[in-house]
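The entries follow the order in which I looked things up.

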2 protein chains.
Amino acid sequence: MIVNYTIKQIRDTISTFRKRNPEGTVGFVPTMGYLHEGHASLLRKARQECDVVVLSIFVNPLQFGPTEDLDKYPRDRERDLALAEQAGTDFVFMPSVEEMYPRPMRTQVEVSGITDVLCGASRPGHFAGVATVVSKLFNIVNPHRAYFGEKDAQQVAVIEQMVADLNLPVAIVPCPILREGDGLAMSSRNVYLSPEERGEALSLSKALSRLRVWRVNEELTFGELRHKMKDEIQKSPLGNVDYIEILTYPGLLPIAQDFTVHDADFDYIVALAVKYGATRLIDNAIVRQPLGEV
Amino acid sequence: MIVNYTIKQIRDTISTFRKRNPEGTVGFVPTMGYLHEGHASLLRKARQECDVVVLSIFVNPLQFGPTEDLDKYPRDRERDLALAEQAGTDFVFMPSVEEMYPRPMRTQVEVSGITDVLCGASRPGHFAGVATVVSKLFNIVNPHRAYFGEKDAQQVAVIEQMVADLNLPVAIVPCPILREGDGLAMSSRNVYLSPEERGEALSLSKALSRLRVWRVNEELTFGELRHKMKDEIQKSPLGNVDYIEILTYPGLLPIAQDFTVHDADFDYIVALAVKYGATRLIDNAIVRQPLGEV
């Protein structure tokens, strides 16, 4: 496994691979590090589908708000590299902030509409930061395929929109959420949780898992479904609901509250964000038609 | 010369070239068509420096304001193709608006700061439209080198900023303004001018050509220089000044009015925009230090 710290190095590394394998495909997994099994599943999928697997580890200041957890975002480079190697990574790109932003950034890639809701509403500027850094990373790595986890479902929608709108020559591969044994969606931020919070945080995945049952009810409206979600989550007294939303996916448009869930012939997302102390957790389920697999 | 109308076609054309010439360089000249000698000079320069020359012709709706001349922007595809072929073009990409924007655009590439002045101030949204379409075209063509005329000096500054900020793997090659025999900067919009306007429009290039004389004056301040420019241009009664500005280049920052021109140790641009009837003409001179060649 080759680890590169500068843009020039990683470009040279990939260009050497390309020269030796003109038909070889490059798979790319962009991350902020502190890797867990969710990231490993992306790397393994890239390993299966591509000839070379590139991982980037970069905690991107642009996508953190001024009051957010940039400085204390967890980092463990040594463990990250061990996990990356085990998951079959070939090249790691691990730039400093100065390497990525050597002078004040004046250019921003902005996706409108789908960024106004969910995490975009709670975290203004977040998705412009994500779209901008992902553009930069795509331009540096120039991958054939890029892998993103569906835990950040809105991020996947934003990246797919950007790729289509800007004709970026890359295929986006969304990958399913990975969960702990008890159901909690894997996240680098889970380490922040106290034991009590960790216990109650199960309310998110529990509510989502009940979706399968609730959806069978032929009378239930989207408004009522949302209420059921809310009731389930509010059983956890430590949790502070940021949002509970049901929207079309990937367009993230509102759905009429009196529309019957059973009759939905469009894909939709049930998306949750709940704060435990200072730790904001998100989780979601995407219901796809006609099979409606959650 | 191969002419392609779809993104898939031009990608295939260029990819075939790349497979046959893995080390071959791709030169790119993006235009809005109605080509003149200025465009031809860009194509010839690309021809000299690159193994294949790609021209795009696309009147980009995104960069026109609602009251601007999108619909009546001059078009002459047959003459364009003849001129392109003569200048040594290999591939022409000539997409329709539907091909470039098949669904509502939600993604925008925005460059801040340097877009607030000059044409950016008079044409809100113009440079976001330019940066977005140039991003798209770069992602479609994936050129090694791209050629832009310095008549649109602010555009060159915006594109260079975008390329640096987003790590686009392309070298931007700015090329000098081409002028008619009497000095008028070449522009597709010159055809709009009535014979009287065409005569008076010389005031722009005349004022700029006097720069060389005025700059020798060791006492002259930037404020006074701007005044002299204004006086010269206002000798033309049909002209309606949009702006006369002297700014650092390429940063486009203001310069203190009482600073002595002779003492300037930085590059600066003298930029003019004057309306003749509905036709807005621009022209400029970039003064580079230490030689200070205009």
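This is a predicted model: local features need pLDDT of at least 70, side-chain atom pairs count only at pLDDT 80 or more; totals for chains, interfaces and linings use all residues.

Entry 1, salt bridges. I looked up A:Arg179 and found it in a salt bridge with A:Asp283, with the closest N and O atoms 2.8 Å apart. I applied the rule that a side-chain nitrogen of Lys or Arg lies within 4 Å of a carboxyl oxygen of Asp or Glu. A:Arg179 sits in the loop between β7 (171-175) and α8 (195-200) of chain A, and A:Asp283 in strand β10 (residues 279-287) of chain A, so the pair ties together parts that are 104 residues apart in sequence. Helices (H or I, at least four residues) and strands (E, at least two) are DSSP runs numbered from the N terminus.

Residues are numbered from 1 along each chain as its sequence is written, chains are lettered from A and ligands numbered from 1 in the order written, and side-chain values use heavy atoms, without hydrogens and water.

How many residues does each chain bring to the contact? I found 30 from chain B and 31 from chain A, contact meaning heavy atoms within 4.5 Å. The two chains bury about 2,500 Å² between them, 42% of it on carbon and sulfur atoms; this is the accessible area (1.4 Å probe) lost on being put together, summed over both parts. I counted 2 salt bridges between chain B and chain A. In one, the side chains of B:Arg103 and A:Asp165 meet at 4.0 Å, N to O. On the side of chain B that touches chain A, α1 (7-20), β5 (107-111), α6 (126-141) and α7 (153-165) each supply at least two residues.

I looked up strand β5 (residues 107-111) of chain A, which pairs with β5(B) in the antiparallel sense over 5 bridges; pairing requires at least two DSSP bridges. The bridge partner of A:Gln108 in β5(B) is B:Glu110.

I traced an open sheet of 3 strands in the order β8-β9-β10, with antiparallel pairing. β8 (239-248) and β10 (279-287) of chain B stand at the edges with a single partner strand each, so one side of each is left without a neighbour in the sheet. Strand β9 (residues 268-276) of chain B is joined to β10(B) by 9 bridges, and B:Tyr268 stands opposite B:Val287.
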